[in-house]
Amino acid sequence: RGPDHEQAAASGVRKMTSLEVLALIPARGGSKGIPRKNLLPIAGKALIVHTIETALASRRITRTIVSTDDPEIADVATKAGAEVPFRRPAEHATDEATDLQVFRHALGWLAAEGYQPDLVVHLRPTQPAREAAVVDRGIDEMIKHPEADSLRSVELAEHTPYKMYCIDGGRLRPVLAVSGLPEAHNMPRQQLPPVYRGNGYVDVLRPRVLEQDSMNGALILPFVIFERVLDLDYPDQIPSLERALTNSRRP
């Protein structure tokens, strides 16, 4: 199956699923906000290594693959225990490249090699402070619901869109309305429907949705998490990330 299985066995982690569950970690070489971000040392390890270690520690994930166009990232990922069986084409590694393009390429390449996973777990390397147990909870939810196309982790949105406006013809117009609640934008937040935002902690999909030109499909399961989500987008976020990783009990 791959080096992740060997490392998992060596560390005493027992995989607990008969399904093929692929962790796909997209990590291109280019990054404008923080140059070479995926290789940036965070708490003593390259950023991407933290996500690889979480995937390998999972009791549900059976294979861990990194999709990259960059030879240095490929080398670091392989040494950390992930597989890098292909190089991502340059056209799928630009700022404009979509997740759909990246996942289609990866699963198409694997299918040509005779491998087809039951579930694909999308783990972004910009969130190094994940817990493997939380990732497994998300996978478990998908396993319980074979009718679902995908699952997305979400958290309660800090700002409700029911109090937001757009400018239309020089006038303010509420973005959303609530049936039976006139002027919802003037109501206390507690009386408005709760709204959730995707946070990228863990997304799980069935490969069939990619054939629908979608990363989600029609039936998306919500996976509400309360764990703190720390994403690395800007240099000033590095100290808080390192503190979280130093103080955590991961994986």
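Where is the place of Asp 203? Asp 203 lies in strand 9; strands (E, at least two residues) and helices (H or I, at least four residues) are DSSP runs, numbered from the N terminus. The model is predicted, so local features need pLDDT of at least 70 and side-chain atom pairs count only at pLDDT 80 or more, while totals for chains, interfaces and linings use all residues. Residues are numbered from 1 along each chain as its sequence is written, and side-chain values use heavy atoms, with hydrogens and water left out.

**Stop 1: Asp 203**

Select Asp 203, which is buried at a relative accessible area of 5%. Buried means under 20% relative accessible area, exposed over 50%, and partly exposed in between (1.4 Å probe, protein chains only). Display the side chain of Asp 203 next: it makes a polar contact with the side chain of Arg 124 at 3.1 Å, and it reaches the backbone nitrogen of Ser 153 at 3.4 Å. A polar contact is a pair of N or O atoms within 3.5 Å; within protein, one must be able to donate a hydrogen and the other to accept it, and residues adjacent in sequence count only if both atoms are side-chain atoms. Leaving aside residues up to four places away in sequence, Asp 203 also touches, among others, Val 120, His 122 and Leu 151, where contact means heavy atoms within 4.5 Å.

**Stop 2: helix 2**

Select residues 47-57, which form helix 2. Of its 11 residues, 10 are buried, so helix 2 is largely enclosed by the rest of the structure. Among the buried residues are Leu 47, His 50, Thr 54 and Ala 57.

**Stop 3: helix 3**

Proceed to residues 71-79, helix 3, where Ile 73, Ala 74 and Ala 77 are buried. Viewed down the helix axis, the buried residues of helix 3 fall within an arc of 100°, so they line one face of the helix; the arc is that of the directions from the helix axis to the C-beta atoms. The cover over these buried residues includes helix 2 and strand 4 (63-67). On the face turned away from the buried side, select the exposed residues Pro 71 and Lys 79. At the start of helix 3, a side-chain oxygen of Asp 70 comes to within 3.0 Å of the backbone nitrogen of Glu 72. Gly 81, with a positive phi near 110°, follows the helix.

**Stop 4: two loops**

Select Arg 36 in the loop between strand 1 (21-26) and strand 2 (41-42). Arg 36 is not a glycine, yet its phi is positive, near 55°. Arg 36 is partly exposed, with a relative accessible area of 32%. Finally, select Glu 183 in the loop between strand 8 (171-174) and strand 9 (196-205); this non-glycine residue has a positive phi of about 50°.
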